[in-house]
Amino acid sequence: MTRYALARPTAEDGLQYVAAAYGPSGSGVVFTPMRIDAGTYVTIEKAVSVCRALHGNHYPDLVKAKKKMSRWD
């Protein structure tokens with residue numbers, strides 16, 4: 001099954017993926033170089049919707065990344 005993730009380019013690492021973060025001080029968004037930790041979406045429409053929402057919250061450097069993966073790659 002094709003899944004979609006959001007990522008941003010980096011000069012040193014190539015890509016960093018968007019992942020959800022949960023903690024005692026609150027929830028949020030973090031970037032990770034680990035593809036396995038990325039949040040994924042079943043439809044491109046949902047990925048675009050999340051990307052637009054993040055753009056509106058000061059994450060302008062996101063790009064859409066299409067990938068096929070299993071959560072256990």
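Which residue in E3 is the bridge partner of Ala19? Select Ala19 and follow the bridge across: the partner is Val30.

**Before selecting anything else**

This is a predicted model, in which local features need pLDDT of at least 70, side-chain atom pairs count only at pLDDT 80 or more, and totals for chains, interfaces and linings use all residues. Residues are numbered from 1 along each chain as its sequence is written, and side-chain values use heavy atoms, with hydrogens and water left out.

**Whole chain**

Colour by secondary structure. The protein has one helix and five strands, in the order β-β-β-β-α-β along the sequence. Helices (H or I, at least four residues) and strands (E, at least two) are DSSP runs, numbered from the N terminus. Of the 73 residues in the protein, 32% are buried; buried means under 20% relative accessible area, exposed over 50%, and partly exposed in between, with a 1.4 Å probe and protein chains only.

Two strands pair if DSSP finds at least two bridges between them. Thr10 has Gly14 in E2 as its bridge partner.

**Gln16**

Stay on E2 and select Gln16. Gln16 counts as buried because its relative accessibility is 14%. Leaving aside residues up to four places away in sequence, Gln16 touches Leu6, Ala7, Arg8, Thr10, Phe31, Thr32 and Pro33. Contact here means heavy atoms within 4.5 Å.

**The nonpolar core**

Now select Tyr4, Leu6, Val18, Phe31, Tyr41, Ala47, Val50, Cys51 and Leu54, the nine residues of the largest nonpolar core. E1 and helix H1 (44-56) each supply at least two residues of this core, and H1 gives the most, with four. Such a core is a set of buried Ala, Val, Leu, Ile, Met, Phe, Trp, Tyr and Cys residues joined through side-chain atoms within 4.5 Å.

**Thr40**

Move to E4 and select Thr40. Buried or exposed? Thr40 is buried, at a relative accessible area of 15%. Its side chain joins that of Arg3 in a polar contact of 2.7 Å. A polar contact is a pair of N or O atoms within 3.5 Å; within protein, one must be able to donate a hydrogen and the other to accept it, and residues adjacent in sequence count only if both atoms are side-chain atoms.

**Confidence**

Finally, colour by pLDDT, the predictor's confidence in each residue, from 0 to 100. The mean for the protein is 79, and 78% of its residues reach 70 or more. Confidence is highest in strand E4 (residues 40-41), at 91, and lowest in strand E5 (residues 63-68), at a mean of 51. Over residues 68-73 the pLDDT is below 50, and this stretch has 16 contacts in the model beyond near neighbours in sequence.
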